[in-house]
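Here's a quick tour to follow with the structure open beside you. Take the topics one at a time and find each residue as it comes up.

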Amino acid sequence: MCTTCGCGDTELVPVELHEKILAGNDRAARHNREHFLEAGVLAINLMGSPGAGKTAVLEATARAGAGKKWRLGAVSADLATDNDAVRLEKAGIPSRAITTGQACHLDAELVHRSLHDIPWQQTDVFFIENVGNLVCPAIYDLGQAANVVVLSVTEGEDKPLKYPTMFLAADLVLVSKCDLIPHLDFDLAKLDDALARVNPKPNVIRLSARTGEGVDQWIAWLERLRLEKGLVGRIAGLAAHVHAPARPR
Amino acid sequence: MHEYSLVEALISRVEAEAKKRQALKVHALSVRVGELAGVDPELFQTAYDTFRAGTLCAETTLTVKRIPASWSCPRCRAAIPRGEVLRCTACDVPARLDDGADALTLDGIEMEVP
């Protein structure tokens, strides 16, 4: 109310906020992150174009991780079908599908809800396979320890320049399908150069899920990250609070 | 088209603030979009114009300010020119993104209160 003369007129007030519009998502992501760290789980947000080979990378990870006795888990997002989750289950990775309908990305709340349906606390490395898309998933924090972007050699070397936000967010770029390089004009040096112009700390591993090339390096990268995050030697499953199964909706 | 879900988050936040302050009307919103925020300012405006119907923001003007991406050396502060490798050649350290270039920020709301 106008307090100058008490006339009862309304007032126009400016409210300064300077607040991130995704603050709500970021809060949910912090919650997920606390859960993962408390339970000793390394959570990886795996992104890339449709068909980049995200699921094939995870299948190769399961084969290599078996030797390390890692317990893996995953949620796999697609607009429709649970095909990828079925493939991961067959590869020995307990998985659930997140069917997003028309949504082009995962957000922290969707990931949180999906965790109710899977024993993620009993895993060492938990993959969140995002919707195939190089645009939208980049801006949503899910609570992961790291972002990994899968880029296949058939997509071209200039992808980082075309999608700078995604490649800036990448803690690691996995260059997939490297066994195809002899059949293509793909130039790895050009990709390294493009990435260095959008990401100040570029990190690349070249990999072929088919031949197994680079998989050891990828596994070693995950292992280093587990050490850096203080997750090695922790007893998984000792989360501070345990999630009840999701109620039927 | 994540711009629609961003607009949804924006309007929910504005409605919560308006409710807290018992606002009668929301007149204006100002938003900053960083060049590397992963948001297309024009699509964001279109999504806002579509989504605001029937909400408290139905007659609220939205001002979108674009923040260009700029990089500099965290040590010597030298600017890294656009399109260059993101590393300071003099100090041999990774460049740092200047503030705001990767953020989508609700700066302020102008509202009418009793």
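How much area is buried between chain A and chain B? About 2700 Å², and carbon and sulfur atoms give 64% of that. Keep in mind that you're looking at a predicted model.

**Where the two chains meet**

- On the chain A side, 30 residues are in contact with chain B, and on the chain B side 38 residues take part.
- Go looking for salt bridges across this interface and you'll find 1. The partners are Glu19(A) and Arg13(B), whose closest N and O atoms sit 2.4 Å apart.
- Polar contacts are also there: the count between chain A and chain B is 13 residue pairs, both residues being at pLDDT 80 or more.
- Which elements of chain A give two or more residues to the side that touches chain B? They are strand S1 (11-20), helix H6 (164-169) and helix H7 (188-196).
- S1(A) provides the largest share of that side, with 10 residues.
- Sort the residues on the chain A side by type and you get 18 nonpolar, 5 polar and 7 charged.

- To see one of the pairs, find Pro14(A), whose bridge partner in S8(B) is Glu110(B).

**Chain A as a whole**

- Chain A has 8 helices and 8 strands.
- Its C-alpha atoms fill a box of roughly 80 × 45 × 35 Å along the principal axes.
- Of the 249 residues in chain A, 52% are buried.
- Take the contacts in chain A between residues at least 6 apart in sequence: 74% of them join residues at least 24 apart.

**An enclosed strand, S5(A)**

- Why can we call strand S5 (residues 125-129) of chain A largely enclosed by the rest of the structure? Because 5 of its 5 residues are buried.
- Both faces of S5(A) are covered. Val125(A), Phe127(A) and Glu129(A) are buried on one side, while Phe126(A) and Ile128(A) are buried on the other.
- S5(A) is joined by 5 bridges to strand S2 (residues 42-48) of chain A, and the two run parallel.
- Another 5 bridges join S5(A) to strand S3 (residues 72-78) of chain A, again running parallel.

- Thr123(A) is in the loop between helix H4 (108-115) and S5 of chain A.
- Is Thr123(A) buried or exposed? Its relative accessibility is 5%, so Thr123(A) counts as buried, the cut-off being under 20%.
- The side chain of Thr123(A) reaches the backbone oxygen of Trp120(A) at 2.7 Å.
- Asp78(A) lies in strand S3 of chain A.
- Leaving out residues up to four places away in sequence, Asp78(A) touches Asp84(A), Ile98(A), Thr99(A), Thr100(A) and Gly101(A).
- Gly92(A) is 14 residues from Asp78(A) along the chain, and their C-alpha atoms are separated by 20 Å.

**Over in chain B**

- Chain B has an open sheet of 3 strands in the order S4-S3-S7, with antiparallel pairing.
- Strand S4 (79-80) and strand S7 (96-97) of chain B are at the edges, each with a single partner strand, so one side of each is left without a neighbour in the sheet.
- Strand S3 (residues 71-72) of chain B is joined to S7(B) by 2 bridges, and Ser72(B) stands opposite Arg96(B) there.
- Ser5(B) lies in helix H1 (residues 3-20) of chain B. This residue is partly exposed, with a relative accessible area of 25%.
- Which residues does Ser5(B) touch, not counting those up to four places away in sequence? They are His105(A) and Tyr140(A).
- Follow the chain 15 residues from Ser5(B) to Lys20(B), and their C-alpha atoms are separated by 23 Å.

Methods:
Residues are numbered from 1 along each chain as its sequence is written. Chains are lettered from A and ligands numbered from 1 in the order in which they are written. This is a predicted model: local features need pLDDT of at least 70, side-chain atom pairs count only at pLDDT 80 or more; totals for chains, interfaces and linings use all residues. Side-chain values use heavy atoms; hydrogens and water are left out. Contact means heavy atoms within 4.5 Å. Buried area is the accessible area (1.4 Å probe) that two parts lose on being put together, summed over both. A salt bridge is a side-chain nitrogen of Lys or Arg within 4 Å of a carboxyl oxygen of Asp or Glu. A polar contact is a pair of N or O atoms within 3.5 Å; within protein, one must be able to donate a hydrogen and the other to accept it, and residues adjacent in sequence count only if both atoms are side-chain atoms. Helices (H or I, at least four residues) and strands (E, at least two) are DSSP runs, numbered from the N terminus. Ala, Val, Leu, Ile, Met, Phe, Trp, Tyr, Cys and Pro count as nonpolar, Asp, Glu, Lys and Arg as charged, and the others, Gly among them, as polar. Two strands pair if DSSP finds at least two bridges between them. Buried means under 20% relative accessible area, exposed over 50%, partly exposed in between (1.4 Å probe, protein chains only).
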